[in-house]
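Student: I'd like a close look at one spot in this model. Could you walk me through it and then work outwards?

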Amino acid sequence: MPWYHYLSYFFGGAFLANAVPHFVSGTMGRAFQSPFAKPPGKGLSSSTVNVLWGAFNAALGYGFLYRVGFDLRRPLHVTVAGLGALLMAVNLARAFGRFHGGNSPGN
């Protein structure tokens, strides 16, 4: 399999991980950071914007995974997508932890 398929799986996992906090916050009716806020990534966007942004990220994740031939029965495919999701999730936790107190819970 070509190397760029694995790159696509990695980014597919990353986009799916990014979809979760936006979609969940939006469906709970909570404002959340998004690239459309002012300032981007720091300000809050409406719940509707976050639902739409989460859905867009989920669609991109789907495109990067399944349109390139992702197969859940192949451990390497799942591992590469899982690494993309894990790295994105850790990055999101660090970035959003600054705003929500997650980086220093004792303070």
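Student: Which side chain meets that of aspartate 71 in a salt bridge, and what is the N to O distance?

Tutor: Some ground rules before the answer. This is a predicted model, so local features need pLDDT of at least 70 and side-chain atom pairs count only at pLDDT 80 or more, while totals for chains, interfaces and linings use all residues. Residues are numbered from 1 along each chain as its sequence is written, and side-chain values use heavy atoms, with hydrogens and water left out.

Your partner is arginine 73, whose side chain meets that of aspartate 71 at 3.2 Å, N to O. The criterion is a side-chain nitrogen of Lys or Arg within 4 Å of a carboxyl oxygen of Asp or Glu. Side chains of opposite charge can pair when their charged atoms come close. A search of the whole structure turns up one salt bridge. Arginine 73 counts as exposed because its relative accessibility is 73%; the scale runs buried under 20%, exposed over 50%, partly exposed in between, with a 1.4 Å probe and protein chains only.

Alanine 81 touches Tyr9, Gly13, Leu65 and Phe70, leaving aside residues up to four places away in sequence; contact means heavy atoms within 4.5 Å.

Next comes helix H1, residues 3-27 (helices are DSSP runs of H or I, at least four residues, and strands are runs of E, at least two, numbered from the N terminus). Its buried residues include Tyr9, Gly13 and Ala17. H1 also supplies four residues, the largest share, to a nonpolar patch. That surface patch is Trp3, Tyr4, Leu7, Phe11 and Phe64, with about 540 Å² of accessible area together. Patch members have over 30% relative accessible area and no salt bridge; like charges are joined within 9 Å, nonpolar side chains (Val, Leu, Ile, Met, Phe, Trp, Tyr) within 5 Å. The areas are Shrake-Rupley values with a 1.4 Å probe, and for residues only the protein chains shown count as cover.

Leucine 7 counts as partly exposed because its relative accessibility is 40%. Its C-alpha is separated by 8.1 Å from that of valine 80, 73 residues apart along the chain.

Most peptide bonds are trans. Proline 39 lies in the loop between strands S1 (32-33) and S2 (44-45).
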